[in-house]
Structure formats: structure tokens, C-alpha cells
Amino acid sequence: MYNWHNVFQPIYQIDQNMNPRIDHYEMLLHDENDKFPVHDFFSAISTEEDNQKWIQAEAKSLEKLFSVYPNINVSLNIEPIQFAYPSVWDFLHDIYNKYGQKVALEITERQLQAGLLGAKKFDCSFQRIHDMGFRIALDDVDSGSNSFEFINHHVDRIDAVKLALNF
């Protein structure tokens, strides 16, 4: 098993008077070098069996986080291809039952139109996520497949959009 852990990056909201407050924390998967495990991660999510490593790391981090800080909100990053695996749906069901809307899903832009899931099946997955009760954020919009057309198609299910500012 990989030596993965999560770090929790604060996401701030700034009000109209420019007063900042922490809105929630984003879970960021890291390896023993304290970096995102690019190669290992994408290998691990390539099959349902290997994806269990990600599920175990995320479940452990959430359990530890909420045992210490039971009243915070956190977003869990997930790749669209992972919705093809029944075990991911079991995991999402379990964490929603445990933590409710304290956990939001942040769907990354990679592989949205490709891979095992495909665009049409992802539409069904997107609705299923929404129906489970999760708040949904799209990450890196306009730098990948999460185009504004995609947002418009799902506007009634999206709670947050994170723009990619590529200069």
C-alpha cells in the first residue's frame, strides 16, 4: 500500500467588507515526499481493486479529521473515472451517512469526457451524486473538460465552481 495521507488546505470566503473567514478545507492527497502522488494515484485509480487504496486513505483521513474537528466542512477531490466503480458509490454512501453535508465533492476536470465512464454515463453519475445530497464543486473550470457548456448543462446541481486562472 502507498504511504498516502491528506493535508487540509483552508479555503477562505471574503465578505463584502473584505473580512476573511475559513469556509471549508480542501483535502489534498500527498505522499511521503509531501507532494501529490501523480503517478501512483493515476495507477491506483485505473482499476476498481487498486482504487481501494484511495478509498482507504480517504476514509482514514476523514475519520481522523472529524474525530478531532467534528464541526468543520471539507471537500473531497474525486476523478470522474472513479464513478465507474461500485465501491466508490459504497464509499460515498458511507461518508454521507457519517458526515452528511460536512463533506462536499470536488470533481476534477481530468478524464471527464474519456475513460471508462464517458460523458453520457457521467451525466447519470452527476445526478446520482446530487440525489445523495452532496454539495458539488467543479475544479479547474475552463482548463479542462469542465467547460462553461458543461456547467450550464448541470447548473441546477452545482454548488461551487473553481476557475483555473492560467496566465
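**From the surface to the core**

Start with the surface view: the protein has an accessible surface of about 9400 Å², and 51% of that belongs to carbon and sulfur atoms (areas by the Shrake-Rupley method with a 1.4 Å probe; for residues, only the protein chains shown count as cover). Before you click on, note that this is a predicted model, where local features need pLDDT of at least 70, side-chain atom pairs count only at pLDDT 80 or more, and totals for chains, interfaces and linings use all residues. Residues are numbered from 1 along each chain as its sequence is written, and side-chain values use heavy atoms, leaving out hydrogens and water.

Now switch to cartoon. You'll find five helices and six strands (DSSP runs, H or I of at least four residues for helices, E of at least two for strands, numbered from the N terminus). Their order from the N terminus is β-β-α-α-β-α-β-α-β-α-β.

Next, select Met 18, in the loop between strand 1 (5-14) and strand 2. Met 18 is exposed, at 61% relative accessible area (exposed is over 50%, buried under 20%, partly exposed in between; 1.4 Å probe, protein chains only).

Then go inside and pick Trp 54 and Leu 92: of the 35 residues in the largest nonpolar core, these two touch the most other members. Such a core is a set of buried Ala, Val, Leu, Ile, Met, Phe, Trp, Tyr and Cys residues joined through side-chain atoms within 4.5 Å.

Stay on Leu 92. Beyond its neighbours within four places in sequence, Leu 92 contacts Leu 76, Phe 83, Leu 105, Met 132 and Phe 134 (contact means heavy atoms within 4.5 Å).
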